[in-house]
Structures are given as structure tokens and as C-alpha cells.
Amino acid sequence: MPERRSDIRNVAIIAHVDHGKTTLVDALLKQSHVFRDNEQVGELVLDSNPLEREKGITIMAKNAAIEHRGVRINIIDTPGHADFGGEVERVLNMADGCLLVVDAAEGPMPQTRFVLRKALELGLYPIVVINKIDRPNARPAEVLELTSDLILELATQEYQLDFPVIYASARDGYAGTSPDVRGGDMAPLFAAILERVPGPECDAGAPFRMLVTTLLYDSYRGRIAVGRIRDGAVRPGMAIQRFAHDGGRGSFRVGQVFGFRGLDRVELEEALAGDIVAVTGVPDVLIGETLADPSVTEPLPSIALEPPAVKMTFRVNDSPFAGREGQFVTSRQLRERLLREVETNIALRVEDGETPDQFIVSGRGELHLAILVETMRREGYEFAVTRPEVILRDGPNGREEPFERLFIEAPESATGFLIGALSGRKAQMVGMHSGEDGRVRFEFDIPTRGLIGFRDVFITGTGGEGIMNTEYLGYRPWAGEIGRHRSGALVASETGTALAYGIAAAQERGILFISPGDEVYTGMVVGLHARDNDLDVNVCRAKHLTNIRSSTADIAVKLVPPQPPSLEQALTLITADEMVEVTPRSIRIRKAELNPSLRAREARRAKYAAVEAARS
């Protein structure tokens with residue numbers, strides 16, 4: 001008979017980006033005495049990935065465990081950004097309850113709705129944590145009302161409507177049941193977890209079954225499968241079977257069994273139903289597969305994921321500088337790395353492209369794919385990628401594309417700019433509210449296509465004072481063509497070293513990405529033209545020497561500081577005939593066709609084709 005264990009609580013922590021989720025985990029870990037008294041811990045302990053620390057967001061879900069009053073609380077930290085929703089969907093299967101962290105000033109945000117919906121659909125017991133209660137503009141009563149309305153809308157079980165509310169300041173390490181709390185510790189939150197979240201329901205006498213939700217890798221032990229034991233028990237040396245995605249089965253023996261204690265993995269002699277464990281001995285296991293006793297005939301239900309919405313093409317770098325800076329440059333190495341990523345990043349899809357050196361990679365959004373590109377770049381890979389494109393599909397009424405709900409908060413002075421910019425991107429306003437603080441809040445339904453490249457435009461148009469968030473709505477009928485939102489390119493006409501004299505002449509035509517001394521090649525985009533057409537410029541040109549004495553004013557060359565784009569900016573900046581060349585040391589924008597004569601011929605063909613289409 002299934003029973004609930006009283007010595008374990010499995011809790012996921014969910015929140016919108018930057019609402020203090022990982023800081024709250026820090027406070028729980030420190031106050032449960034996981035670390036030594038003299039140990040230097042720092043902040044954002046679970047954000048161990050360098051990219052997570054740089055960008056200030058959680059990218060990968062992680063596990064930790066703490067002890068409180070004889071009960072082990074397994075903590076599952078989840079990403080807050082919708083682009084990493086695949087991480088949320090797979091790890092919530094291990095939890096029985098969730099801490100919904102909401103900023104006391106901002107209230108529920110789009111990603112709050114996304115992660116909460118996923119949690120409530122799985123039947124988790126919610127605990128609302130109104131964080132940053134010490135902010136000067138905190139509005140706990142209003143935020144609680146908004147959060148209650150959100151839970152009422154999304155709840156799938158009646159018991160989910162009866163949730164406790166904890167007010168906290170994760171940064172200062174205190175919590176309470178009243179919005180007036182301004183000191184203390186996290187004891188009220190620990191008490192709420194023990195009282196509200198039930199222990200895992202399991203059948204200890206049934207055969208062993210476990211759904212794999214995470215994969216770890218160890219250079220000595222190989223692939224390690226992480227998941228929550230649904231039934232039975234597992235021990236080192238025990239015979240098990242693997243239910244593969246293709247329907248096949250394989251027999252294996254468990255190597256080692258690890259449990260989580262604090263931030264570490266500890267080896268166990270036995271783990272029981274309800275425990276979150278890491279198991280070795282199954283070398284080819286994948287996320288979503290079932291490990292079970294040989295007597296089991298049916299696998300556990302696999303993890304259901306929302307389909308990808310954006311794709312881009314990865315291809316071998318064939319520029320004149322190919323192979324100079326990267327360690328892994330061949331199509332075989334690129335293919336192996338992408339297929340290895342799919343094993344752990346289950347929201348990602350990889351398909352073969354038109355040629356053997358091209359691969360189509362699909363993900364949840366721009367950030368999802370940009371993080372993959374940046375990770376591979378730091379690992380020593382060198383390749384080229386195309387502009388992100390939305391994934392279209394055929395619906396009952398014709399072609400369909402993904403849409404998103406865009407939430408914007410900006411100064412009233414930016415209203416005209418926002419409406420004008422978004423109307424050109426096929427956005428439809430569905431809500432507008434003016435606040436007493438001089439800021440306006442908008443809601444738009446917009447095709448995902450219209451959001452590509454909009455973030456930089458938004459930051460410039462609002463003077464850096466705007467806030468934008470999105471929520472995925474699903475597929476809707478095709479919204480129509482969206483016009484080009486970028487001027488032409490300044491393209492290098494020669495290969496060589498950029499010189500100050502050549503740059504000084506080119507900078508009069510637009511904005512440059514390069515500095516004197518940078519290496520360039522024919523077909524490389526070195527800047528943006530002030531007009532709509534592409535322009536070939538010779539930035540390698542030097543001033544001819546003569547025997548005529550020049551004044552100091554003629555000798556001095558005044559250069560405007562370059563504005564090289566970041567990786568995320570470059571991905572959204574490029575047009576259909578351009579690519580981003582990514583190496584461990586450089587990010588370059590280039591034309592897909594490097595030969596200027598062939599580019600000019602294609603441009604003429606496109607122009608004539610457009611004229612003929614207009615006539616017909």
C-alpha cells in the first residue's frame with residue numbers, strides 16, 4: 001500500500017527572474033548549518049556556472065538537501081526564465097510542494113505564471129513567499145491579492161487554494177507570518193514547509209522504479225542518473241533494467257547510489273522510495289527514461305515538454321580565419337557536441353541541415369540558444385550560426401506561428417515610441433494602465449518574430465528605464481510580413497589589418513565595430529551603414545607618404561570609439577544573408593557569401609525579381 005514518509009520533504013523553489021529565489025536558497029542552506037562556521041561561502045551558492053553568475057540568472061536546475069528537526073528537506077532550485085522552461089518541467093516531477101517566491105514590490109510577473117502553472121498542474125502544494133519585504137516600495141497586501149488571484153486561476157486541486165503565506169527578506173535571512181517582520185531567522189519558513197508540504201507518497205514494498213530527470217557526468221564514474229525513487233528501494237550491485245525512449249530494454253547493475261546532503265553527494269548503502277538519488281552503472285541512460293526492477297513491465301510516464309519555438313543553423317566556420325582560434329572546428333566535433341547537449345538539455349532539438357556541415361538547432365527562445373552558443377564558445381568550439389528564426393507550422397486555417405504576450409512598464413514619455421515600434425512588428429495592444437508614478441504598463445500580443453532584435457531597440461527608446469517580460473501564448477495564424485528594422489552593413493572589401501586612416505574614412509558612413517589593429521577579411525561586416533544599403537569599405541587603407549611636409553592637424557586622426565556587439569546583440573542584429581562567426585576569442589559578423597561580385601549579382605537578381613512580382 002502506498003504510504004507517505006514523514007522524514008522527507010521534496011520542495012521545488014520557483015519564481016520569476018530576479019525575485020530572490022537563489023538568495024532564499026542561500027539563507028536556508030546557511031541557517032541549516034550545512035557549512036562550517038569558519039567556511040567562506042559567498043552568495044548565490046547554487047549558481048555555480050560562470051554564465052549564471054555573469055548574467056545573474058539560474059540556467060540549470062540543481063539539487064541540495066538540508067536537515068531540520070530530524071526531517072531531510074530536498075531543495076530543487078529551478079530557473080525562472082521561460083526560455084529554460086524545459087529545466088522546470090523535468091525537475092518538478094521530483095517535488096511534492098513548491099515555494100512560490102514573489103517580489104514584494106513587483107508582484108507576480110509573466111514567468112511567475114509560467115512556472116506556477118507547471119507546478120500546479122503536477123498537483124504540488126504551494127507556499128507563497130513574499131520576498132524583499134524590506135524594500136521601500138514594498139506593497140505586500142496588494143501583491144498577496146494578485147498572487148491569490150493567480151493561484152485561484154491556475155489551481156487544479158482544491159487543496160492548492162489553502163496555502164500559507166510567508167513574508168521574508170532572503171538577503172537579510174529572516175522570515176515571518178506578518179508583513180511587519182523586520183528581523184529574526186528562517187524558522188517560520190522551515191515550519192511552513194514541514195507543516196504544509198506532505199512527505200512523498202510511495203510503496204516501499206513494490207519493485208524499484210525511478211524516472212530519470214537529470215544527468216550528471218563524472219570523468220571516473222561516467223554518466224550519473226538523478227531522479228526520485230517512486231517505489232521500492234535501490235542498492236549498489238542490484239540488477240535493474242532501463243526502459244529506453246525507443247521502446248527497447250537493457251539489463252544493468254547499479255554501480256553506486258548517492259544521496260544529497262547539503263551541496264554534496266554522499267554514497268549510500270540503500271535508498272528508499274521518496275529519496276532523490278544519483279545512480280551510476282547505466283552508461284547510455286537519457287532524461288525521461290525509467291530505471292526499474294527486472295520484474296517491472298511498464299515504464300513510468302515520460303516528461304511532457306512544450307515544443308521549441310525558435311531555431312537557428314549551426315555550421316562549420318569557413319571564413320578566411322577559420323581554425324585560428326578554436327580547438328574544435330570540424331563537423332564531426334560540432335555534431336558530437338550538439339548531440340551531447342540534447343541528452344541533458346531536453347527542450348533542445350538537433351536536426352541535420354541541407355549540407356553535412358550544417359545542423360538545425362531548435363529551442364525555446366533566443367536566450368536559450370544564445371546560452372548554448374556561449375557555452376560551446378567557452379569550451380573551445382569554433383563555428384558559425386545564422387539569425388534565429390521562428391518555427392512555423394501548418395494549422396487548420398493555414399500557416400501558423402508562435403505568439404507571446406509582451407508586458408512592458410516604461411515612462412509615459414516613451415508611449416509614442418513603443419506603440420509606433422511595436423505596431424510595425426505586428427503587435428496588438430490588449431491592455432494599458434497609467435500609474436500614479438508616471439509610468440505606463442502595456443500588454444501586447446506579438447508574434448515571436450517581432451520580438452527578435454526588439455530588446456536593444458527597447459532599451460534605447462526608453463532610455464534604459466523600461467522593463468519588458470514575455471509569456472508564451474502558443475501558435476496563432478500567421479500575422480503577415482514584418483519589415484526590416486536594421487540599416488545596411490559596412491562590409492570590408494579587403495583582407496588585412498585595419499588601420500586608423502581607413503577607419504577614419506569609414507566611420508563617416510556609419511557605426512563601426514572594429515579598432516585599429518584588428519584583423520579583417522573580405523566579406524566581414526565591420527559596422528552599420530547610415531543608410532539602408534550595404535556598402536563595401538576599405539578599412540585597411542593606409543595614407544600614402546609624400547615628401548610634402550604636413551601640419552600636425554593633418555597627421556592627427558580622430559577616431560570614434562567602436563561599438564562591437566555582444567553575442568546576443570550580434571545574433572539579433574544580423575540579416576538573412578549574414579552569419580555570426582563564433583570563436584573562443586572573437587565574435588565577428590560576416591556575409592554568408594564573402595565574394596562581393598557574387599553578392600552584387602544576387603542583389604540585382606533579387607531587385608529584378610521584386611520588380612517583376614510588383615508588375616504581376
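Is Y159 buried, exposed or partly exposed? Colleagues, at 29% relative accessibility Y159 counts as partly exposed; the classes are buried under 20% relative accessible area, exposed over 50%, and partly exposed in between, with a 1.4 Å probe and protein chains only.

A word on the basis of these values. This is a predicted model, in which local features need pLDDT of at least 70 and side-chain atom pairs count only at pLDDT 80 or more, while totals for chains, interfaces and linings use all residues. Residues are numbered from 1 along each chain as its sequence is written, and side-chain values use heavy atoms, with hydrogens and water left out.

I turn to strand β6, residues 125–131. Helices (H or I, at least four residues) and strands (E, at least two) are DSSP runs, numbered from the N terminus. Seven of the seven residues of β6 are buried. In a regular strand the side chains alternate between the two faces of the sheet. Here Y125, I127, V129 and N131 on one side, and P126, V128 and I130 on the other, are all buried.

Next, the neighbours of β6. Strands pair if DSSP finds at least two bridges between them. Strand β5, residues 97–103, pairs with β6 in the parallel sense over seven bridges, and G97 has Y125 as its bridge partner. Strand β7, residues 165–169, runs parallel to β6 and is joined to β6 by three bridges; I130 stands opposite Y167 of β7. From β6 the chain passes through helix α5, residues 140–154, to β7 in a right-handed β-α-β crossover. Right-handed means that, with the strands pointing away from the viewer, the path from the first strand over the helix to the second runs clockwise.

Now the aromatic pairs, of which a search of the whole structure finds six. Rings of Phe, Tyr and Trp (its six-membered ring) pair if their centres lie within 6.5 Å; planes under 30 degrees apart count as stacked, over 60 as edge-to-face and the rest as tilted. Y125 and Y159 are stacked, because their ring centres are 4.2 Å apart and their planes are at 15 degrees. Since Y125 lies in β6 and Y159 in the loop between α5 and β7, the pair ties together parts that are 34 residues apart in sequence. Y125 is buried, at 19% relative accessible area.

F454 and F458 form a tilted pair, 5.9 Å centre to centre with 45 degrees between the planes. These two residues are four apart in helix α11, residues 454–461, and so are separated by about one helical turn. Both F454 and F458 are buried.
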